[in-house]
Amino acid sequence: MRRILLLSGCAALAAFLGSGCKDISLSDTGDSNRTLVGAAEFTPASGGDAPGGSRGLPADASMQVRVVDEHPGSADTAPGPAMNGGFYNGQSSAPPRAVSLGPQILGEAVVADAAAAVTQDPLTGSWQVPFKVPYTATDEQLRRGLNIEVRISYGGGVRYTNFNQYALTFGDQTDTHVVRLERMH
């Protein structure tokens with residue numbers, strides 16, 4: 001009886017391992033429990049520079065924050081079986097080039113009512129909108145560095161954005177990031 005169970009268990013294991021092994025990926029998919037915490041800091045064009053001035057944003061303001069990998073890995077271009085006597089696509093014997101995937105958004109959050117969340121720093125007079133962005137990234141991506149992009153929109157257009165790049169790295173992933181925004185002209 002034990003022998004039959006052992007043999008059937010081995011057969012089931014062999015069937016599992018033998019079927020579909022090419023589709024099993026053991027690569028690191030990233031930690032989905034990462035969160036970027038910070039604030040967008042800006043100075044309104046008028047009336048908000050001095051402490052006690054008017055509110056920093058109109059009522060219809062919203063803010064979008066993204067965690068972006070500007071240089072993700074290239075597409076998998078391992079050459080397949082030779083076709084047409086060793087020629088790929090009938091053109092040449094060289095394997096196809098790796099194609100860049102372009103920037104990849106790893107996390108995104110929208111603060112829909114940014115006007116209600118805005119606070120003024122009493123020391124500098126600038127305004128800040130706090131944010132929290134859940135994102136998924138591997139340790140390798142964080143070692144390479146990710147970018148933080150912030151935009152504040154109201155009145156039908158983007159009014160503030162960060163022109164300078166703000167990096168999120170493996171060493172400062174748990175820190176609070178303050179992103180300085182500049183007014184769009």
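Here are some friendly notes on this predicted model, point by point.

1. Some ground rules come before the details. Residues are numbered from 1 along each chain as its sequence is written, and side-chain values use heavy atoms, with hydrogens and water left out. Because the model is predicted, local features need pLDDT of at least 70 and side-chain atom pairs count only at pLDDT 80 or more, while totals for chains, interfaces and linings use all residues.

2. Let us start with strands S6 and S7. Strand S6 covers residues 146-154 and runs antiparallel to S7, with four bridges joining the two. Strands here are DSSP runs (E, at least two residues), as helices are (H or I, at least four), numbered from the N terminus; two strands pair if DSSP finds at least two bridges between them. Arg151 has Thr161 of S7 as its bridge partner. Two residues lie between the strands of this hairpin, where Gly155 takes a positive phi near 65°.

3. S7 has another partner to look at. Strand S10 (residues 182-183) runs antiparallel to S7 and is joined to S7 by two bridges. Here Thr161 stands opposite Glu182.

4. Which residues does Asp69 touch, leaving aside its neighbours within four places in sequence? Asp69 sits in strand S2 (residues 62-69), and its contacts (heavy atoms within 4.5 Å) include Gly102, Pro103, Gln141 and Arg144. With 1% relative accessibility, Asp69 counts as buried; the cut-offs are under 20% relative accessible area for buried, over 50% for exposed and partly exposed in between, with a 1.4 Å probe and protein chains only. The side chains of Asp69 and Arg144 are joined by a polar contact of 2.8 Å. Such a contact is a pair of N or O atoms within 3.5 Å; within protein, one must be able to donate a hydrogen and the other to accept it, and residues adjacent in sequence count only if both atoms are side-chain atoms.

5. Arg144 also meets Glu140 in a salt bridge of 3.5 Å, N to O. Both residues lie in helix H3 (residues 139-144), four residues apart, or about one turn of the helix. Glu140 is exposed, at 53% relative accessible area, whereas Arg144 is partly exposed, at 39%. A salt bridge is a side-chain nitrogen of Lys or Arg within 4 Å of a carboxyl oxygen of Asp or Glu, and by this rule the count comes to seven.

6. Another salt bridge joins Glu108 and Arg66 (3.4 Å, N to O). Glu108 lies in strand S3 (residues 104-111) and Arg66 in strand S2, so the pair ties together parts that are 42 residues apart in sequence. Glu108 counts as partly exposed, at 39% relative accessibility.

7. Shared partners join Glu41, Arg180 and Glu182 into one network of salt bridges.

8. Finally, have a look at Ala117 in helix H2 (residues 114-117). Ala117 counts as partly exposed, at 25% relative accessibility. Leaving aside neighbours within four places in sequence, its contacts are Val111, Gln128, Val129 and Pro130. The C-alpha atoms of Ala117 and Pro130 are separated by 7.1 Å, though the two are 13 residues apart along the chain.
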